[in-house]
Amino acid sequence: MTDLNRIELHLHLEGAAPPSFIGGLAKEKKVDIARAFDVQGGYAFGDFAQFLKVYEVATSVLSTPEDYYRLTLAVLEEQAEQGILYTETFLAPDFCGKGDVSAWREYLAAMQEAADQAEAQFGTILRGIVTAVRHFGPDQAKDTALCAAETAGDWIVGFGLAGDERMGQKRDFAWSFDLAREAGLRLTAHAGEWGGPASVRDALDHLRVERIGHGVQAIDDPALVERLVEDGITLEVCPGSNVALGVYGAWNGHPIQKLRDAGVKVTVSTDDPPFFHTSMTDEYDHLAETFGWQDDDFRAINMTAAQSAFCDAVTRERLIKKLEPTDD
Ligand SMILES: [Zn+2]
């Protein structure tokens, strides 16, 4: 196993489900989801529309707290294999108990139990970010924010917004973000992936987030880039996801290096890795190949991630210590 020294801040739990795990669960439940897979047994992948369809079919087999217990274990085993020491994952009460607080608590307990077990077994640490799904609308997001506020603590450390960026306005979700902030949660929102620089500004102005999921399209607006630097906003950049979905045509056209050169706090994550046929190792290989990143660059990126993580101070110190270069 690789030394655990990578940090991932942007990972959707269901989106990280290994295809073999989902295939096995479907078989147990006697549901036919063969259309979600390609001939190699990976998830079928074409364009954004097909990704959404395959994602929906594959995740439809996850329906109980026990399923989420097993999912969490399977994902963390994979994280450890990818050398990932610490992960923050997006969790949606919409999919875990349909936004009902007591049902959500049961799913959460199952995931936390799996996370404790995985940390002891593989060494990888997990924390959760409760996430509202944008295309379910602002009213449903309020239920999600209530779930988040009720379970905020050392393990549920953040609140976020994911889902279809083209639906609704960011400001419609301000109430939910205010509630989460008052509950002591740290905030992030997907923006600037499909939306342009204005979507990133909206997230900063209306949701007052300290991290942006993706945010890469900020590069088209120099004043916004400057604001990101001045305000110390961290971007959860997922280059392989962007290339797979065609946000950028190729790795050498991806703005991660330019953002970094401009002084923006940049981190690297995988988003929904098996769905995009990527992994953290693949991301690092591409970054090394395309931009010439070396060990020091990766250490710097991971240090930024440790400093931008939503965990408590003691956990952060553990991460930072692990990343500091040793003499031997
Ligand atoms: Zn995402």
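Okay, let's start with a definition: a residue is buried if 20 or more other C-beta atoms lie within 10 Å of its own, exposed if 12 or fewer, and partly exposed in between, with the C-beta atoms placed from the backbone. Asp271 has 29 other C-beta atoms within 10 Å, so Asp271 is buried.

Before I go on, two bits of housekeeping. What you see is a predicted model, where local features need pLDDT of at least 70 and side-chain atom pairs count only at pLDDT 80 or more, while totals for chains, interfaces and linings use all residues. Residues are numbered from 1 along each chain as its sequence is written.

Back to Asp271, then. Asp271 sits in the loop between strand 8 (265–268) and helix 11. When I say helix or strand, I mean DSSP runs, numbered from the N terminus: H or I with at least four residues for helices, E with at least two for strands. Asp271 is not a glycine, and yet its phi is positive, about 70 degrees.

Lys30 also has a positive phi without being a glycine, at about 55 degrees. You'll find Lys30 in the loop between helix 1 (19–28) and helix 2 (48–59). So is Lys30 buried or exposed? Lys30 counts as exposed, because it has 6 C-beta neighbours inside 10 Å.

And for the in-between class, have a look at Asp282, in helix 11 (residues 280–291). Asp282 has 15 other C-beta atoms within 10 Å, so it is partly exposed. From Asp282 to Glu56 you count 226 residues along the chain, and their C-alpha atoms are separated by 25 Å.

Next up, a pair of helices. Two packed helices are described by the angle between their axes and the distance between the axes. Here, helix 3 (residues 65–81) packs against helix 4 (residues 101–122) at an angle of about 30 degrees, and the axes are 8 Å apart. That makes helix 3 roughly parallel to helix 4. Angles under 35 degrees count as roughly parallel, over 145 as roughly antiparallel, 65 to 115 as roughly perpendicular and the rest as oblique. The axes are lines fitted to C-alpha atoms, for helices over the stretch in contact, and the angles run from 0 to 180 degrees between N-to-C directions.

Which residues meet there? On the helix 3 side they include Tyr68, Tyr69 and Leu76, and on the helix 4 side Met111, Ala114 and Phe122 are among them. Contact means that the C-beta atoms of two residues, placed from the backbone, lie within 7 Å. Sorted by class, this contact has 13 nonpolar, 2 polar and 4 charged residues.

Now for Thr87, which is in strand 2 (residues 84–91). Thr87 counts as buried because it has 29 C-beta neighbours inside 10 Å. Leaving aside residues up to four places away in sequence, Thr87 touches Glu8, Leu11, Gln79, Thr124 and Leu126. Arg127 is 40 residues from Thr87 along the chain, with 6.4 Å between the two C-alpha atoms.

Last stop: Leu323, in helix 13 (residues 313–323). Leu323 is buried, with 20 other C-beta atoms within 10 Å. Its contacts, again not counting residues up to four places away in sequence, are Asn5, Arg299, Asn302, Met303 and Ala306. UniProt, in an unreviewed entry, places the feature "domain: Adenosine deaminase" at residues 7–323. In this model, that span is 48% helix and 15% strand, and its end C-alpha atoms lie 10 Å apart.

Conventions: Ala, Val, Leu, Ile, Met, Phe, Trp, Tyr, Cys and Pro count as nonpolar, Asp, Glu, Lys and Arg as charged, and the others, Gly among them, as polar. UniProt positions are given in the numbering used here, feature names are shortened, and annotations may be inferred rather than shown by experiment.
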